Amino acid sequence: MIRVEAGMSTARFCRLIDMPERTWRRWQAKTRAGVQAKGPWPQPARESVRDRVLFHATAHPAWGPSQDLGDGPP
């Protein structure tokens, strides 16, 4: 959209943002075909062990609340 509104060629736009023109055209083709450009990404490993971490952490109250797991104050 920005490139079109500025009346800029694809080659010039790619040089401006330091991206190979082939990469730009590949992303555009995927977008036009309705394919997701990137992802889906796998969930972080911490999601798979969350319950075990909470169980272990509650056994050791001296560690304090685990804020990154959502069970403590913000």
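Is Arg25 buried, partly exposed or exposed? Arg25 has a relative accessible area of 44%, so Arg25 is partly exposed; the term covers values between buried, under 20% relative accessible area, and exposed, over 50% (1.4 Å probe, protein chains only).

The model is predicted: local features need pLDDT of at least 70, side-chain atom pairs count only at pLDDT 80 or more, and totals for chains, interfaces and linings use all residues. Residues are numbered from 1 along each chain as its sequence is written, and side-chain values use heavy atoms, with hydrogens and water left out.

**The whole chain**

Display the protein as a cartoon. There are four helices and zero strands, and the pattern along the sequence is α-α-α-α. Helices (H or I, at least four residues) and strands (E, at least two) are DSSP runs, numbered from the N terminus. Now switch to a surface. The protein exposes about 6,500 Å², of which carbon and sulfur atoms supply 57%; such areas come from the Shrake-Rupley method with a 1.4 Å probe, and for residues only the protein chains shown count as cover. Of the 74 residues, 15% count as buried.

Select residues 21-33, which form α3. At 1.5 Å a residue, the 13 residues of α3 should span 18 Å, and the end C-alpha atoms are 18 Å apart, which agrees. The expected span is 1.5 Å times one less than the number of residues. Just after α3, Gly34 takes a positive phi of about 80°.

Next, show the side chains of Glu21 and Arg25. They meet in a salt bridge (2.8 Å, N to O), and a search of the whole structure finds one such bridge. The term requires a side-chain nitrogen of Lys or Arg within 4 Å of a carboxyl oxygen of Asp or Glu. Being four residues apart in helix α3, the two partners are separated by about one helical turn. Glu21, with a relative accessible area of 30%, is partly exposed.

Select Thr10 in helix α2. Thr10 is buried, with a relative accessible area of 12%. Leaving aside neighbours within four places in sequence, Thr10 is in contact (heavy atoms within 4.5 Å) with Arg3, Glu21, Trp24 and Arg25.

Move to Arg3 in helix α1 (residues 2-5). Arg3 is partly exposed, at 21% relative accessible area. Beyond four places in sequence, Arg3 touches Met8, Ser9, Thr10 and Phe13.

**The aromatic pair and the core**

Which aromatic rings pair in this structure? One pair is found in the whole structure: the rings of Phe13 and Trp24 have their centres 5.0 Å apart and their planes at 65°, so the pair is edge-to-face. Rings of Phe, Tyr and Trp (its six-membered ring) pair if their centres lie within 6.5 Å; planes under 30 degrees apart count as stacked, over 60 as edge-to-face and the rest as tilted. Both Phe13 and Trp24 are buried.

**The loop at Asp18**

Finally, select Asp18 in the loop between α2 (10-16) and α3 (21-33). Asp18 has a positive phi of about 55° although it is not a glycine. At 71% relative accessibility, Asp18 counts as exposed.
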